[in-house]
Structures are given as structure tokens and as C-alpha cells.
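The paragraphs below go through a predicted model.

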Amino acid sequence: MRRKYWISLILVIIATGIMLLWLNRDDDASVRAGISAVEALQADPDGFLQVTEPREFAFPEDHGPHEGYRTEWWYYTGNLSSESGRRFGFQFTLFRNQFLPDEEYETENGTGWSTNQLYLAHLAITDVETGRHIHEERFSRGAAGLAGAQADPFRIWLEDWMVVLDEEYETELQQDSPDGKIPMHLVAATGESALDLKMSPSKPPVFHGDRGFEPKGPASGDASYYLSFTRLVTTGTIEIDGEVFQVEGLSWMDHEWSTSALAADQAGGDWFSLQLSDGYDLMFYHLRNEDGTISPFSTGTLVDPEGVHFVLDPDDFDLEATGFWESPHPGATYPVSWQLQIPGEGLQLDINTLFENQEMQVSFVYYEGAVSATGTRAGAQIEGRGYVEMTGYESELGTGTRLQ
């Protein structure tokens, strides 16, 4: 399964146990409830909605949540620069996880606190000049207004971390764009650092795989619905330790939902997004099997300057790690530089993380880092910026949980 589902499933198991222990003062009852929740998440996905075939996407509905599917995420990353040229990266991800199928869930009381939905969010800011990777994690129930997602007007949030439809656009048009292109406003803060960014798509949404249907394994339902805004023109501010920087650059947004778990022989994944200087955008990922081979369900998408996209099969691209970094936290050694070749496009790239330690030390440790790329297309020089996410290299849980 692709990268975020791996993270999402493990995080929701951890968070369920924390939430139930926090809510229940009877230790024995809490343990029993926690075990039941974990068993539910690991059980057969029957009862949840399944991703089994292509579908028609419709907006604004498909910007919002798809309850009935077990897991879903909205994922933002970007590479930004200040007026003086100081470089920053950022990540904001909101996960929605459903505990039980709709027909099995019953509310226990009418207080408004009961919920079948758990939301969790990750926020990270990469300050290239100082080599700092600031990050935080939060959990909350999808009840009492603490966290949630809605389609019209678009809004996803966990407490005061949120992405909303840009109110200037909403005031002017009062409706969603029929092709799904909407400007968005991201606001989130951790400690003395904060993001306040406006992001506007310069291309229509990209529907990966077969019209947004992307298989991840051989069984029926081993798939997700997956769309992206691959080039969001971004402006706003980044605050680091009280110092505010005016920034601009490009961001990337993924929205994906699914029910199935990882295939038994899949160990993790390496996912990349790149925005290239010739106007092309590129997403590709390797799903790694436990025996070290690459899954045939690895894939990619190349998007031209007009937004037309092309699917890449595993044989269409070759990715080789050329440098590695050993985490100071035991249990993980990550690649941090790669050579990518896409012969059919005449594209060769050297990809490097902006600095090595961009590890997310949260409930489930993984790597999420800003990268740069240089190379050639058909002999012409090209460069790019983007992000890499890597899972399955780590063996220990991190810290950083906050639950309300």
C-alpha cells in the first residue's frame, strides 16, 4: 500500500489506545476496549466501502470527507523562499480514520462527544539555513467541533490547524469551480513557529492511475482513490522563533482515501513529488517488498505544463539510491540522495535532500523531507524542487502525541 496508508493505520491503532485510556478511568475496561479497537482496525475490511473500480469525481463533494472508507488524508508540502532567498520547506497532513463500519457503529450517549472518526495531523517546517526540522503531531476526535472535514465550503481542521477555502475567492464567486480548482488558505502554528499560506492551483486536479483509481496490490479492494493538485502557487508567511518571513514558491496537495491494508509482503514505500523548471510535475513511488524487491504496483504520474498527465509503469523509471544517512534515533538508515532515469522522456535527475535530518519523530517514525533536483531532459539542463517520504526503514515509535 502507498505511503500514507501505512502511517495512517498504525497511528490510528496507537491513538485509539491512548484515547480510550484517557476517556476511561477503569484500567481493565480501558485495556479491553483498546484491544477491541485494534482488532477492529486489523479485522477484515468487510462492512467498509471498498475501492474496486474507477469512479466519476465531482466537486465540491470530492474535496470533502468520504466516510465509510476506513482511512483518508489531505496532504500538503511545499518549497518556499523569502525575499532574501532563505529557503524553507513545509508539510501539513490531516488524516481521517474510521474505527468501525457505519452499520456497526452505535453512539453510546447524546453528549456530542461520541464519534466513529479520529483525526490526526502532522505539521513540519524545514529551515534550510539553520538545518532545523520543527515538527509536531496532534490527535483529536471528530466530534464537538474539535476536528473534521467538510466539502462546501472546503474546510479541514484539527483544533486551530486548518486549511480552508480562501475567503476572498469565496466572497467573489460564492461557489466551487466545476473542475475542482479552488484557492486554499493554510494556517497552523507550533510553539514560536507558524505557517500562514495561500495556495492557488495553476493546473487542474490530476487523477492518478486509471481516472483516479490506483491499485496497490493484487486483491480486489487493494486500491485507493487518489487525486492531486501538483502545482499550487503559494504566498504568505513563515514564522520561526518569532521572526516572520514573507515567502513564495510552489506547493503540492494530495487527497486520497481507501480501506484496504498493506499487502502481506510489502515492507514500506518511497514516494517523491517534484516540480520541474520546465513546467512539468512528477510523482512516483516505489513500494518495497520484504525481500528487497520492488512491487509491480509501484507507479508514477508525469504532468505536462498544461496539466495533461501520463501514467508511468514500474518499467518506465529507474530509481537508485546513491547516499545514506543513519538516524541518531536507533533503528533507521534512510537514503538521502538518488539518481532517477525516465528513458522514455529523456529525463535524468540527481535528487538530494536539502539536509539529512528531516525525520518525523512522532507516534510512528518516518521521513518527510524537502529535496532538490538537477539534471537533463533531452540534453537540456533542468532543475526542480519537491518532497520525499519514506516508510518502513524505522523500527521504533517516536514521541510527540497530543490528544484532546
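The side chain of Ser 224 makes a polar contact with that of Lys 216 at 2.5 Å, where a polar contact is a pair of N or O atoms within 3.5 Å; within protein, one must be able to donate a hydrogen and the other to accept it, and residues adjacent in sequence count only if both atoms are side-chain atoms. The side chain of Glu 256 also makes a polar contact with the Ser 224 side chain, at 2.5 Å. Ser 224 lies in strand β12, residues 223-240. With a relative accessible area of 0%, Ser 224 is buried (under 20% relative accessible area, 1.4 Å probe, protein chains only).

The model is predicted, so local features need pLDDT of at least 70 and side-chain atom pairs pLDDT 80 or more, while totals for chains, interfaces and linings use all residues. Residues are numbered from 1 along each chain as its sequence is written, and side-chain values use heavy atoms, without hydrogens and water.

A search of the whole structure finds 1 cavity of 30 Å³ or more; a cavity is a set of points on a 1 Å grid over the protein atoms alone where a 1.4 Å probe fits but cannot get out, and lining residues have an atom within 4 Å of a point. The largest cavity holds about 40 Å³ of space. Its lining includes Thr 77, Trp 252 and Tyr 387. Strands β1 (71-82), β13 (243-258), β14 (266-276) and β23 (380-391) each give two or more residues to this lining.

How values were computed
1 Å grid on protein atoms, 1.4 Å probe; cavity = no way out; pocket = protein on both sides within 12 Å on 5 of 7 lines; lining within 4 Å. Points joined across faces, edges and corners; volume = space filled by probe spheres on them. Helix = DSSP H or I, 4+ residues; strand = E, 2+ residues; numbered from the N terminus. Buried < 20%, exposed > 50% of the residue type's maximum accessible area, 1.4 Å probe, protein only.
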